[in-house]
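Trainee: Can we sit down with this one and go through its aromatic rings? I'd like to see how they are arranged.

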Amino acid sequence: QVRLVESGGGLVQAGGSLRLSCTASGSTFSLNAVAWYRQAPGNERKLVAGINSGGITNYAPSVKGRFTISRDTAKNTIYLQMNNLKSEDTAVYYCNRDVRINAPMNPWGQGTQVTVSS
């Protein structure tokens, strides 16, 4: 069974940085179009950054210029470097296939909590 595991979240002050990681066992996950998503309490899960199989990246307007998605195919891992964090970035962050292109892998991982204090 494919298993997605996100890590790297934590509590950080506004303006700080975090680097999230995502690995997928049982799948050449990182070769696909993949993405990071986040879900804040009471809100729907939203895509924040994607990278396609050719390495082209795209970002939600709210994070563009602050977040960077990347991948290491040798490690089957994708990353999300988050800089200049804001309180509105507080959410649980998940990785998965880019649902605009392919169906998501199921089940989703547990996610990693990012909390930004102002």
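Predicted model: local features only at pLDDT ≥ 70, side-chain atom pairs only at ≥ 80, totals over all residues.

Trainee: What kind of pair do Tyr37 and Trp108 form?

Mentor: Their ring centres are 5.1 Å apart and the planes make an angle of 75°. Planes over 60 degrees apart count as edge-to-face, so this pair is edge-to-face.

Trainee: How many residues apart are Tyr37 and Trp108?

Mentor: Tyr37 is in strand E4 (residues 34-39). Trp108 sits in the loop between strand E9 (91-97) and strand E10 (112-117). The pair therefore links distant parts of the chain, 71 residues apart.

Trainee: And why is the pair of Tyr94 and Trp108 given the class it has?

Mentor: The centres of these two rings are 6.2 Å apart. Their planes stand at 90°, so the pair is edge-to-face.

Trainee: Is Tyr94 buried or exposed?

Mentor: Its relative accessible area is 11%. Buried means under 20%, so Tyr94 is buried.

Trainee: Which residues make up the aromatic cluster?

Mentor: Trp108 pairs with Tyr37, and Trp108 also pairs with Tyr94. One aromatic cluster holds Tyr37, Tyr94 and Trp108.

Trainee: Which residue has its charged end over the ring of Trp108?

Mentor: Over at Tyr79, Arg19 lies over the face, 3.9 Å from the ring centre. For Trp108, the charged end is 3.6 Å from the ring's centre, and it belongs to Arg45.

Terms used: Residues numbered from 1 in each chain as written. Heavy atoms only, no water. Phe/Tyr/Trp six-rings, centres within 6.5 Å; stacked < 30°, edge-to-face > 60°. Helix = DSSP H or I, 4+ residues; strand = E, 2+ residues; numbered from the N terminus. Buried < 20%, exposed > 50% of the residue type's maximum accessible area, 1.4 Å probe, protein only. Lys NZ or Arg CZ within 6 Å of the ring centre and 35° of its normal.
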